[in-house]
Every structure is written in C-alpha cells, then in structure tokens.
Amino acid sequence: MLRHCFRPNQTTIVGLLPCCGRREVILQGKLIHGFGIKAGLCCCAELNNALASMYAKCDDLEGSQLLLDEMADNALDGVVNLWEVNSNG
C-alpha cells in the first residue's frame, strides 16, 4: 500500500487485523500495530478493540489486557475531564 502512495487510515487497519488473528501471522499483526502507533492512529476505540481481539485470538492475553487497560484509563480520563468542565461551568 505504501509503495503505491496509499496511506492507510484507522479503518484500513481495523479491516486488516482480523486476518492476523492466528498465531502463525501474529508478526504481521504486530507490524500493523507498530504502523498504527507510528502513524498516530492508536487512540481510536475501534482500532484498540480490533488489536485487543487480534492479540487474544493469538493467545497473547497479556498484550490484549494491556490494550484493554489502556482503553479503560483513557475512558476514565475523559470522564474526569467532562466532570471538571461541568463543575466549573
């Protein structure tokens, strides 16, 4: 894709990750995950869900749990920020 000047977005990556849900191709999934991080696409809930699912299907439960914990932390930060805005306002 990159060779043909096509820049994948989070929708493209979410579409690719189910193909990497087997142990034999976890390396490709990790490469896609790395690309998403470098491209700044990993703050999207859909992408994090797809990544967590891929890691779980590949029996990397630690990797899956890390992503889920990160999503929970981000959600909590958002709730705290909303509460602060509403209480000041």
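Tutor: The chain has a mean pLDDT of 81, and 79% of its residues score at least 70; pLDDT is the predictor's confidence in each residue, from 0 to 100. This is a predicted model, in which local features need pLDDT of at least 70 and side-chain atom pairs count only at pLDDT 80 or more, whereas totals for chains, interfaces and linings use all residues. Residues are numbered from 1 along each chain as its sequence is written, and side-chain values use heavy atoms, with hydrogens and water left out.

The chain has 4 helices and 0 strands; helices (H or I, at least four residues) and strands (E, at least two) are DSSP runs, numbered from the N terminus. Where pLDDT is low, the predicted coordinates should not be read in detail.

The part to examine is the pairing of α2 with α3. Two packed helices are described by the angle between their axes and the distance between the axes. The axes of α2 and helix α3 (residues 45-57) come within 11 Å and cross at roughly 160°. Axes here are lines fitted to C-alpha atoms, for helices over the stretch in contact, and angles run from 0 to 180 degrees between N-to-C directions. The angle therefore makes α2 roughly antiparallel to α3, a description used for angles over 145 degrees, while those under 35 count as roughly parallel, 65 to 115 as roughly perpendicular and the rest as oblique. The crossing of α2 and α3 is left-handed: the near helix is turned anticlockwise from the far one by less than a right angle, whereas clockwise would be right-handed.

On the α2 side, the contact (heavy atoms within 4.5 Å) is made by Ile26, Gly29, Lys30 and His33. On the α3 side, Leu51, Met54 and Tyr55 take part. By class, the contact has 4 nonpolar, 2 polar and 1 charged residues. Ala, Val, Leu, Ile, Met, Phe, Trp, Tyr, Cys and Pro count as nonpolar, Asp, Glu, Lys and Arg as charged, and the others, Gly among them, as polar.

The C-alpha atoms of Pro18 and Gly29 are separated by 8.9 Å, and the two residues are 11 residues apart along the chain.
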